[in-house]
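Work through the exercises below with the sequence and coordinates open. Try each task before reading its solution.

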Amino acid sequence: METEQLASPIGTTVKPAEAKTRLRQLRDAAKATTEDLGLPPEAAPAVLRATHGKLANEMPPQEGTPAGDKPAGSAR
Amino acid sequence: MNLQTAVVTSAEGASASVHDLLVRFKHGDIEALEILFARYWGPFVFFAVRRGVTYQEAEDIAQDAFDAIIKSIASYREDPGGGASWMWTICRRKLSHFFRDRGRDAPPVDVDVEAIHGKDLIKEWELWECAIESFAALPLQDQTSIRNRMPGDSGPDPHAFGRWKTALHECWPS
């Protein structure tokens, strides 16, 4: 069922396989970052929470950037 | 403090509600799923660890829970919406299945986890706080650089990651 698409009431879809792959990428990146930080592997969830636990518009605005705007070069 | 309560309180304290994020994901916003994963991967893992599974097993259970969330999101009710309760129900179900499949009885959900692991629990909780607070205290440019870095390299700003590492280890020296 990996290729099945999940229908939503307004017609947009999320591909489960794409979503699962994205979460595994996030998890693996967090583990690698945790290692780079010199922390034990069990700290990976904390690292992921720190780096990706907020929406872009929940972050404090930087100088010259209106509140809520994504900074240039941001992937999010 | 009960770890599950502590971590969940932290997750709920953020400004975007779990319900809002679930609805956004239901309507195709992958970033909302990423944020939910960032907030609940750890709580799900710790929840399972405290019920007697290994860390690796707990990671697998948490991953299974998110796979189920992805699979079930189309059926998530937007009104009234379960939010965090809906997610925890899925996590508990996956943990229950884990024990059932191995012929083991799952420990009670409301067990006093602090009484089981004591110092380890506090140590993990302090690290959790240090990681979040030290990252949040960085300039936005540093946060963006770190978020966009690839594992093993220093990111767009080679000093940003170093600043976070220094701040984090000052907060959590062990």
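**Conventions.** This is a predicted model, in which local features need pLDDT of at least 70, side-chain atom pairs count only at pLDDT 80 or more, and totals for chains, interfaces and linings use all residues. Residues are numbered from 1 along each chain as its sequence is written, chains are lettered from A and ligands numbered from 1 in the order in which they are written, and side-chain values use heavy atoms, with hydrogens and water left out.

**Exercise 1. Describe the packing of helix 2 on helix 3 in chain B.**

Step 1: get the geometry. Axes are lines fitted to C-alpha atoms, for helices over the stretch in contact, and angles run from 0 to 180 degrees between N-to-C directions. Helix 2 (residues 18-26) and helix 3 (residues 30-49) of chain B pack at about 140°, with axes 7 Å apart.

Step 2: classify. Angles under 35 degrees are roughly parallel, over 145 roughly antiparallel, 65 to 115 roughly perpendicular, and the rest oblique. Helix 2 and helix 3 of chain B are therefore oblique to each other.

Step 3: list the contact. Helix 2 of chain B gives B:Val18, B:Leu21, B:Leu22, B:Arg24 and B:Phe25; helix 3 of chain B gives residues including B:Leu33, B:Leu36 and B:Tyr40. The contact holds nine nonpolar, no polar and three charged residues. Here Ala, Val, Leu, Ile, Met, Phe, Trp, Tyr, Cys and Pro count as nonpolar, Asp, Glu, Lys and Arg as charged, and the others, Gly among them, as polar.

Step 4: check burial and the helix end. The buried residues of helix 2 of chain B include B:Val23 and B:Lys26. After this helix comes B:Gly28, with a positive phi near 100°.

**Exercise 2. Repeat the analysis for helix 2 of chain A against helix 3 of chain B.**

Step 1: the angle is about 150°, and the axes lie 8 Å apart.

Step 2: the contact includes A:Leu48 and A:His52 from helix 2 of chain A, and B:Phe37 and B:Trp41 from helix 3 of chain B. The tally is seven nonpolar, two polar and three charged.

**Exercise 3. Locate the largest nonpolar core.**

Step 1: apply the rule. A nonpolar core is a set of buried Ala, Val, Leu, Ile, Met, Phe, Trp, Tyr and Cys residues joined through side-chain atoms within 4.5 Å. The largest has 47 residues, and B:Phe44, B:Phe66 and B:Met87 have the most contacts inside it.

Step 2: find the main contributor. Helix 3 of chain B gives the largest share, 13 residues.

Step 3: Leaving out residues up to four places away in sequence, B:Phe66 touches residues including A:Leu23, B:Phe44 and B:Met87.

Definitions and conventions:
Helix = DSSP H or I, 4+ residues; strand = E, 2+ residues; numbered from the N terminus. Contact = heavy atoms within 4.5 Å. Buried < 20%, exposed > 50% of the residue type's maximum accessible area, 1.4 Å probe, protein only.
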